[in-house]
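User: I have a structure open and want to go through its packing. Can you take me through it?

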Amino acid sequence: MLHRLAASLRRPAAAPFAATVRCISSGSVNISVPLNFWAGKRWSSQEKCNIEKVYEPATGRVLCHLEPCGASEVNQAVKAAKSAFGHWSKMSGMERARIMIEAAHIIESRREEIAEIEVVNNGKSITEARLDVDSARLCIEYFAGLASTLAGQHVQLPGGSFAYTRREPLGVCVGIGAWNYPFQIAAWKSAPALACGNSMVFKPSPVTPVTAVMLAEIYAKAGAPEGLLNVVQGGQETGSLLCHHPDVAKVSFTGSVSTGKKIMEMASKGVKPVTLELGGKSPLLIFQDSDLENAVRGALMANFLSQGQVCSNGTRVFVQKDILPTFVEEVVKRTCAIEIGDPLLESTRMGALVSQSHLEKVLSFVDQAKKEGAAVLCGGEPFVPSDPKLRGGYYMTPCVLGDCTDEMTSVKEEIFGPVMSVLSFETEEEVLLRANDTTMGLAAGVFTRDVKRAHRVVEHLKAGSCFINNYNITPVEVPFGGFKMSGIGRENGQVTVEHYSQLKSVYVEMGDVDSLF
C-alpha cells in the first residue's frame, strides 16, 4: 500500500546505509528478543514448549525464535492496557496528540533502521519498506491532528431543554495484523485507537513478529503511559484468547476471509464491534482509449507490489479487445525486466515471498492455471539468485497469464502472489458484470481518458476502494476498506474515528417533568 511512490523514490538513502544492511543480512546484528511487550518492557513467555522458528525470507535462515503468549501473558497485557486506558482516556486530545507527534518524529529519525529490519523479516524490497515506514509515520501524524477535534453535537429542544452528544473511547482495543505490512498495519490500527483515547493490545502475524514491538517501544519513548500499546506474539490460540477476553472492547483484524469470519464469530460472543480488512480478487478495467503507458504502469503496480502479496491487488486485468495485443506485449516485456534478488539492495524491485509454504502455494496456482488452459506468457517459476547467501530464499519470477477465462481458478481465487491474469472484454456493460462477479469487493480500478465513463464505471463497481487512472495509492487521509466479504469498517480517514469511539447522548431538562402518573 503506497502513499506516494514518486516522492519517496527521489529521497536519497543515508550514507552508512549499505554497511548497515550487509551487517544485518550476514546475521552479525541480532534481532532484539524477546518480542512480547507490555507494561513498558519486553517479556519472555512462559509457554517455552511452543517456541517457534522465524525465518528470513531472503535467505531461508532462522532469524529468531517466537515465544507465543498463553492465557497468563494475554491477561497481563490486557491488564496493562486497561491501566493505561484509565490515564490516557482522561488526557485532552491535544495532550495525546503531542505524544503521538513525538512518536512520529522518532519513526522518521529511525526510518532506515525500521525499514531494514522490516525487509529482513518480511522479504519485500527496501524501497517498498521505506514507503511502509513513511505511511506508518504519516498515519500517526494524521490521527494526532484529529485527536483534538473529537466533538459531539448540541441539539436545541422545546422549552429551553437541550441534548448533547459525547464521543467517548471504547476501552482496550485489540489489533491483529497480517504479515504483508507488519509495521504499517500496527500503525494503521494503533493510531486511530490511541487518538480516540483507547489503549491497544496488538498481535502481529507469527511469521513477521519483529517490527510491531519496535513501534510499541517508540510510543513508550515518546512519553505514552506504560501499557498504552502492548504486543503479544502467537498464532490462532493467542488471537482467540484476545477476542474472548472480557476486558477487550473491540477487535480490528487484517487477514484472510476465513480467519475474519472466525474473528467476527468470537467477538460476537461479547457483542464486541469489529473492523475487518480481508481479502480481495480485485478487477482492473483498461479501456481502449486509455493512456497505454499509464495503464501498463498501473497494471504492474496492481499486481507486483510486495511480491504480489497485497490484499487490494488488481489481479483480474480486463483489457478491451482492440488494445489487448499491444498491452500484453508491453506488460510481458516489463515484467521480464523486473529485478529479482536481495531485497536489501537499492536495485531490487522484487524480493522474496514470505515463506517456503506460501511460495509453493503460489506456484501451485500457476500449475493449475496451465492445466485449465491459461497461457503462461512469462514467469511463474522458482528463482534462485546468483548470490550463494540467497539460495535458500523464497523467490519466484513474476508471472503473467494470458488466454484467461472467468471460470479459471487463478481468476476466481485470491493467489496472494506475483501472478497477473489478463482477460479480454468488448463492452462496458459486459465487463462490469464480469468485474462484479465475485464474493469479494475490496478494490477496483479503471483506466480511461473518458471522464464521464470513469465516474460511471466506478459508480457501478462493487468495491470499497476504487482507483481512476492509478492503482494501489492509499493516502492516510482517505478511508480504506471493502464491500461484501472483503470486510467491515474502514482504516484511515476521518470516518475511522467512528470505529474507535462510541456515542453517548445526554438529555438535559430545563423545565418540570411532564409525568403521566
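Analyst: One term to begin with: contact means heavy atoms within 4.5 Å. This is a predicted model, where local features need pLDDT of at least 70 and side-chain atom pairs count only at pLDDT 80 or more, while totals for chains, interfaces and linings use all residues. Residues are numbered from 1 along each chain as its sequence is written, and side-chain values use heavy atoms, with hydrogens and water left out.

User: Which residues is Met-100 in contact with, leaving aside neighbours within four places in sequence?

Analyst: Met-100 contacts Ile-140, Phe-143, Ala-144, Ala-191, Leu-194 and Ala-195.

User: How many residues has the largest nonpolar core?

Analyst: The largest nonpolar core has 75 residues, and Met-100, Ile-107, Ile-140, Phe-143, Leu-215 and Tyr-219 have the most contacts inside it. Such a core is a set of buried Ala, Val, Leu, Ile, Met, Phe, Trp, Tyr and Cys residues joined through side-chain atoms within 4.5 Å. Buried means under 20% relative accessible area, exposed over 50%, partly exposed in between (1.4 Å probe, protein chains only).

User: Which helix gives the most to this core?

Analyst: Helix 6 (residues 126-147), with eleven residues. Helices (H or I, at least four residues) and strands (E, at least two) are DSSP runs, numbered from the N terminus.

User: Switching to strand 10: what does it pair with?

Analyst: Strand 10 (residues 248-254) pairs in the parallel sense with strand 7 (residues 172-176) over five bridges. Four bridges join strand 10 to strand 11 (residues 274-277), also parallel. Pairing requires that DSSP finds at least two bridges between the strands. Ser-252 has Thr-275 in strand 11 as its bridge partner.

User: Why is strand 10 called largely enclosed?

Analyst: Because six of its seven residues are buried.

User: And helix 16, which residues are buried there?

Analyst: In helix 16 (residues 451-460), the buried residues are Arg-453, Ala-454 and Val-457. They lie on the same side of helix 16 because they cover an arc of only 105° around the axis, taken from the directions from the helix axis to the C-beta atoms. The face turned away from that buried side carries the exposed residues Val-451, Lys-452, His-455 and Glu-459.

User: What covers the buried ones?

Analyst: The cover includes strand 12 (283-286), helix 15 (428-435), strand 18 (443-447) and strand 19 (465-468).

User: Last one: is Met-408 buried or exposed?

Analyst: Met-408 is buried, at a relative accessible area of 5%. The residue sits in the loop between strand 15 (399-402) and helix 14 (409-412). Not counting residues up to four places away in sequence, Met-408 touches Glu-372, Gly-373, Ala-374 and Asp-403.
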